[in-house]
Amino acid sequence: MTPLFGSGKLIELETQNVESLATVYSLLARLWFQEVDAPLLKGMAEEPLVSALSKLNLSPPGESLEQLDTEYCALFIGPKNALLPMQSVWQKTQLDGQSASSVAKFAELTGYVMPAPALWDHLGIQLDLMSHLVLVSGSQEGRDEEGDVAWEVANAFFERHLNWPSPLLLGTSQRARLPLYRSLADITQQFLEMERTARFETSV
Amino acid sequence: MSQDHNPQSRLSQRRHFLNLGLATITSGVLVNRNDQAEAGQTPAAPDDQSGAGVRPVQDSPRRGIDIEKWRKLKAEPYEFGAFGEMPGVCNLPGPLAKRNWPDRAKYEGAVKVPGMCQLCSTVCGMIGYVKDGRLLKVEGNPNDPNSRGYLCARGQASLNHLYHPERLLYPLKRVGERGEGKWKRISWDEALDEIAEKLKAVRDSGHPEEFAFHQGRQRSKDALKRFLDAFGTKTQLSHRSLCSGNRRAANLTGLWESDWDLNDVEHSKYILNFGSNVFEAHQGHVPFASRVQRGRFENGAKLVTFDVRMSNTAGGSDEWHSPFPGTDGAIALAMCNVIISRDLHDETFIKRWTNVSVDELRQHLKSYTPDWAERVSGVAADDIVRIATEFAAAAPAATTICNRGSSAHLNGFYNDRAIGMLNALVGSVGKKGGWCWSPWGGLDPVVKTPPMPPGAKTQSVLEDPPEYPLANVWRRMRVGEIVYLYLLQDRAKLQAYMTYNLDSPMTWPEESMTQQILSDEKKIQFHVCINSFYNETAHFADIVLPWTTFMERWDLDARASYNLRPYVGLRTPMVEPLGESRDVRDFFPDLARRIGDGMEQWYPEKDVKEYMEKWASAVPENPKTGKQGLERLMDEGVWEQEREPFYEPYNQILSDAEMQGAVTDGEGLISKDGIGIGILVDGSPLRGFKTPSRKFEIRSAFVSKIGRNEDCSDLIAASGMVKTKNRPDSHLPHNIKIEDMPIWIQPRELQDLPADELVMTSFKWNVHNHGRTMNLKWLAEIVHSNPAWLNPETAGRFDLKDGDWIEITSFYSRELEKVSPHLNRTDLPESSGRRVVSSMRVPVVLMEGIHPRVIAMSNSCGHTQYTSVAQARKEPLENSQLAGCDPETYQDADWQRNMWWQDDSGGDHTKWQRNRGNGWNQNRLMPISPDPVTGQQAFHDTVVRIRKID
């Protein structure tokens, strides 16, 4: 595993950190966006991922894919009493609301392309777009004008579109029957809190 | 999930996350999008409908930010950098919207897109205001010749429908037992592959009829027929017999060419309404109601309503009379008696254009006196005489109207024939302001679908039950309510069952049996449900397909036109379908290709739009815009043919070309090649009516002969209606006596109804349809519950006061036990020698506006699976998976503020508060009760007993 801290130049480390951070957004995006599939399940059970996840209290799922699919469906799709991971559902109790249009406008502004058909304000899409913005922002030291703007845009996006999920994450944590989704909610909550702190409390 | 604020812990946490990122990169579990691009895979576009989208995400392609645009956005007036609203993002109507009303900026740049409502059967023209791919508002389309720009409350709630947070967005596959409620998401490819495999097996079994398609309200007739004919099954089941079978059969008996009377109320002077709640419901609701009011307030028409219940129509009428249930026909016959016996009839019309003489009528009607009608109906004989006299005096600008109030009875076929006869006697049939019809039931026949497959030739007792002679003779009305019973009786089986916009456990009689059959995998081996929402039918499916709403799909559509001119309306996607929802027009071609064996040949178009272009190609050019076909419809939403209204079609003179080669028989009937085309009247060759006699058939030899399974080929040929059929040989053992003249009979259970029994009736409120609107919060807020209506006099007899609870016990029909023994259930309990359907506990409201022998409940209520709003739940159910969790779920400000009606009584009626809860499904009490002649469900004849619950 590549060491995070240790030898090497700061700029390389920071670049590495940026990519790591973006990848965490991507991984969370993937887990929120759709069910776990066989390659992902296998990867989560093997090194290096299994150790990295265990440090965040997420053990590899011991359930079958079908059990995981059923859990994902009951939690995030329904058809009844689901905790739809979409911002406008939680804020306006409707699909495709104002927040969806807003995310779409951010995507247009930043050249982001949705990876698969979805509603724009799905948490998976929002996390993925944020991953894109983190990469475009680059490291603080190496930032050019576009990077500065990207940082500004990323913060604006975070403020509007990653500030809402706490009730969803709490509901998921309480309702999930399988450890994977309880942990996913907890990890997402921790990560977003960490990012919020980094963006708005300890950095410019 | 609390946040640790210790700096060391935070640093450690950050390390863990960065480690996770690196580990994820190293593990390669995420597909790099740039790698996908290199491999030739293109990220799916947001409007990709294939369902085969690229799932894993990592590393969006590094594309530049539009810096100039960002700078503009963050500057004044937007000040986006200060986290104001994202410019150009519109609020949809929703919580607290009134505080910012009117928001003028909201509609800037919005595009108007035409469409057609489908929240009831009336299909009013709509215009949607679309901005940034979102529908902001709908309003009526003033170009629509039928609805003329009006849109009722249901239509206004379309936005609730489209953006409902509990819409189905993905295909689902059952995981647990059927009905257990466990699902997993599958892709469209997986869903269609599995469905195709099952349907192919049905085809290969040699019994294609064992694939049944069961529709609720549907407005894509061509798409369904194309698929089913291409497949080779005729087992297309519908709800028509639960709706309008008797009225249609009665109209067809007299007219043959139309099953739908289009009363020209706008030009009437007198409107005689037998049991239609036109101001609140009715097929043709808004177009018809608005014309009734124009007739009244601009033309001076009088509106007289007979209804057991004081509906909003009855309350808004000039007179309301409350007859005993099912006696509309008796009143109509007595009025006919008055008109004939007092020589108020139109002698010329009867002689020229009916197939009975005045003397025959006098003889037939003599026993149906006003005094007799008063005895059976309770309506005063004097009123009957007066109203009949007024009606005749206003003729020919006089018309009856009727609907389920008169027709949803075991004698409904005869009720409606008697009501129709009134118009013939006063000569208002086909006249301006009178009782009219049109030969086109919906779309202008000018538009032709692309070539259709030949009709399927299969036979199934589910689709054509032999016991009901008039169910499928002129039109395929079918007998929907017997489907589950016949499956229970093993008279048929289904290898595959596809339901579409159907909520049969809610809207069909005998809820418990419907649920029993739907959950039985031996009776229904494979069930695919196509719907926009999870509901009581989807709950028993094996695969659920997410259907688009009517704001996301294509149709050409129209209703029978009250302008008496044909038209073509366009339903078009106002916005892209949400999630992975798809319309049948879109995925039936995919499914057909997967099934193969020639099915695919009926889907040559590359997409739905190409199909629509072909279908609409006959719409002529608008000289003002130069647009024609689909382009014109996209522009205007609708096209109405320029022609005279369809008044007095029987007086049309046959042209020389039409008469070329024609022969006239001794009775003046004109035919060509053995097919009737007209009648000679006073030396003129006229079109006449499209009946065997070429006259309005008060007396129908045809229905009597059909009931006896006799050959009617000569009558069918004489009518010129070559699509009408004799009954098939499979019906031979099932003779039913059908009277040739309008009569009145009373089911035996209603004769001398015991004092402790009541007749149950149902009704619809002005904000709901039967099973599909209670999920819409704007409507549910207005009506969400349905306590039983009782007259105070009745309540007094049972020692009941307003708000008390009763137990209702319902019984099967004694009449049907005798005349329809194939319906009998011996597996059910008896009470006092009668078979019990079910019992249910409900509260009562006391109303003067209800007949003392009647108990009424509105339908639409009592959902158990259909969204939180429909179940009146803003908090999770006890005993649900959330019990004890006290979770924070999403909060709807509208619900929190306005869903005050959640019932927290826990089923304890002593704790129940008035107007709380989501009501009760009345169909739990209703027996399967088909009119023996047509199969129309007799929703309004159910005999019940009630008792007070302490």
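Which residues are exposed on the other side of helix 13 of chain B? In the predicted model described here, the exposed residues on that side are Asp359(B) and Gln363(B). Helix 13 of chain B spans residues 358-365, and its buried residues include Leu361(B), His364(B) and Leu365(B). These three lie on the same side of helix 13 of chain B, because the arc they cover around the axis is only 85°. The partner against which the buried residues of helix 13 of chain B pack is helix 11 of chain B, residues 328-341.

The confidence of the prediction was considered for the whole model and for each chain. The model has an ipTM of 0.93 and a pTM of 0.94. For chain A the average pLDDT is 88, with 92% of the residues scoring at least 70. Among the elements of chain A, the lowest mean pLDDT, 86, belongs to helix 1 (residues 10-33), whereas the highest, 97, belongs to helix 4 (residues 65-77). Residues 1-11 of chain A stay under 50 in pLDDT, and the model gives this stretch 13 contacts beyond four places in sequence. For chain B the mean pLDDT is 91, and 91% of its residues reach 70 or more. Where pLDDT is low, the predicted coordinates should not be read in detail.

The overall form of chain B was examined next. Its secondary structure consists of 31 helices and 30 strands. Along the principal axes, the C-alpha atoms of chain B fill a box of roughly 105 × 75 × 60 Å. The radius of gyration of chain B is 30 Å, which agrees with the value near 30 Å that a compact globule of 950 residues would have. Of the 950 residues in chain B, 57% are buried. When contacts in chain B between residues at least 6 apart in sequence are taken, 75% of them join residues at least 24 apart.

Chain B is divided into four parts: domain 1 (172-243 + 455-553 + 576-622), domain 2 (260-437), domain 3 (649-731) and domain 4 (748-877 + 890-949). The centres of domain 2 of chain B and domain 4 of chain B, taken over C-alpha atoms, are separated by 29 Å. To the contact between them, domain 2 of chain B gives 20 residues and domain 4 of chain B gives 26 residues. On the side of domain 2 of chain B that touches domain 4 of chain B, the elements giving two or more residues are helix 16 (404-407) and helix 17 (412-426) of chain B.

In soluble globular proteins, nonpolar side chains tend to be buried together. The largest nonpolar core of the model holds 304 residues, of which Met335(B), Cys336(B), Ile384(B), Phe391(B), Ala788(B) and Ile855(B) touch the most other members. Helix 1 of chain A gives the most to this core, contributing eleven residues. Another core, of 16 residues, lies apart from the largest one and includes Trp554(B), Leu630(B), Leu633(B) and Val638(B). Leaving aside residues up to four places away in sequence, Ile384(B) touches Ile331(B), Ala334(B), Met335(B), Val338(B), Pro370(B), Ala373(B), Glu374(B) and Val379(B).

Key:
Residues numbered from 1 in each chain as written. Chains lettered and ligands numbered in written order. Predicted model: local features only at pLDDT ≥ 70, side-chain atom pairs only at ≥ 80, totals over all residues. pLDDT = per-residue confidence, 0-100. Helix = DSSP H or I, 4+ residues; strand = E, 2+ residues; numbered from the N terminus. Contact = placed C-beta atoms within 7 Å. Core = buried A, V, L, I, M, F, W, Y, C linked by C-beta atoms within 7 Å. Buried ≥ 20, exposed ≤ 12 C-beta atoms within 10 Å, placed from the backbone. Rg over C-alpha atoms; globule rule 2.2 N^0.38 Å. Arc of directions from axis to C-beta. Domains from an automatic or database assignment.
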